[in-house]
Amino acid sequence: MKAIWHDGQGACLFTKRLERGKFIWPSVAGESVTISPAQLSYLLSGIDWRNPQETHRPTRVG
């Protein structure tokens, strides 16, 4: 995935490749999609941002 971010002074190109899994991308025909920062984080992590589920609860270390 590639994303361009512009802060008013310049542009940055970010790239991300998942080692496992796939990106769950919004499927809309010809329309733009607005997602929250949290949903973007899920998307970049390969988590289904439409319905995030907790799959692993860390155990106590000690």
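Two strands count as paired here if DSSP finds at least two bridges between them. Helices (H or I, at least four residues) and strands (E, at least two) are themselves DSSP runs, numbered from the N terminus. This is a predicted model, in which local features need pLDDT of at least 70 and side-chain atom pairs count only at pLDDT 80 or more, while totals for chains, interfaces and linings use all residues. Residues are numbered from 1 along each chain as its sequence is written, and side-chain values use heavy atoms, with hydrogens and water left out.

**View 1. The whole chain, from end to end.**
The protein chain has one helix and two strands, and from the N terminus on they run β-β-α. Its radius of gyration is 15 Å, well over the 11 Å that the globule rule gives for 62 residues, so the chain is more spread out than a compact globule. (That radius is taken over C-alpha atoms, and the rule is 2.2 Å times the number of residues to the power 0.38.) Along its principal axes, the C-alpha trace spans about 45 × 30 × 20 Å. The chain exposes about 5900 Å², and carbon and sulfur atoms supply 51% of that. The areas come from the Shrake-Rupley method with a 1.4 Å probe, and for residues only the protein chains shown count as cover.

pLDDT is the predictor's confidence in each residue, from 0 to 100. Its mean over the protein chain is 79, and 90% of the residues reach 70 or more. Among the elements, strand 2 has the highest mean (92) and helix 1 the lowest (82). A word of caution for any close-up: where pLDDT is low, the predicted coordinates should not be read in detail.

**View 2. The hairpin of strands 1 and 2.**
Strand 1 (residues 2-6) and strand 2 pair in the antiparallel sense, over five bridges. Four residues lie between the two strands of this hairpin, and Gly 8 in the turn has a positive phi of about 100°. To find your way along the pair, look for Ala 3, whose bridge partner in strand 2 is Phe 14, and for Trp 5, which stands opposite Cys 12. None of the five residues of strand 1 is buried, so that strand lies largely in the open. Strand 2 (residues 11-15) also has zero buried residues out of five, so it too lies largely in the open.

**View 3. Ile 4, out on strand 1.**
Ile 4 lies in strand 1. Its relative accessibility is 69%, so Ile 4 counts as exposed. Not counting residues up to four places away in sequence, Ile 4 touches Ala 11, Cys 12 and Leu 13; a contact here means heavy atoms within 4.5 Å. The C-alpha atoms of Ile 4 and Thr 15 are separated by 8.9 Å, with the two residues eleven apart along the chain.

**View 4. The salt bridge.**
The structure holds one salt bridge, meaning a side-chain nitrogen of Lys or Arg within 4 Å of a carboxyl oxygen of Asp or Glu. It joins the side chains of Arg 17 and Glu 19, at 3.7 Å from N to O. Arg 17 and Glu 19 are both exposed.

**View 5. Pro 26 and its contacts.**
Pro 26 sits in the loop between strand 2 and helix 1. Leaving aside neighbours within four places in sequence, Pro 26 is in contact with Val 33, Leu 43 and Trp 49. For Pro 26 and Val 61, 35 residues apart along the chain, the C-alpha separation is 37 Å.

Ser 41 is found in helix 1 (residues 37-45), and at 41% relative accessibility it counts as partly exposed. The C-alpha atoms of Ser 41 and Leu 13 are separated by 17 Å. Ile 47 belongs to the segment after helix 1 and, at 33% relative accessibility, counts as partly exposed. Phe 23 is 24 residues from Ile 47 along the chain, with 7.6 Å between their C-alpha atoms.

Conventions. Buried < 20%, exposed > 50% of the residue type's maximum accessible area, 1.4 Å probe, protein only.
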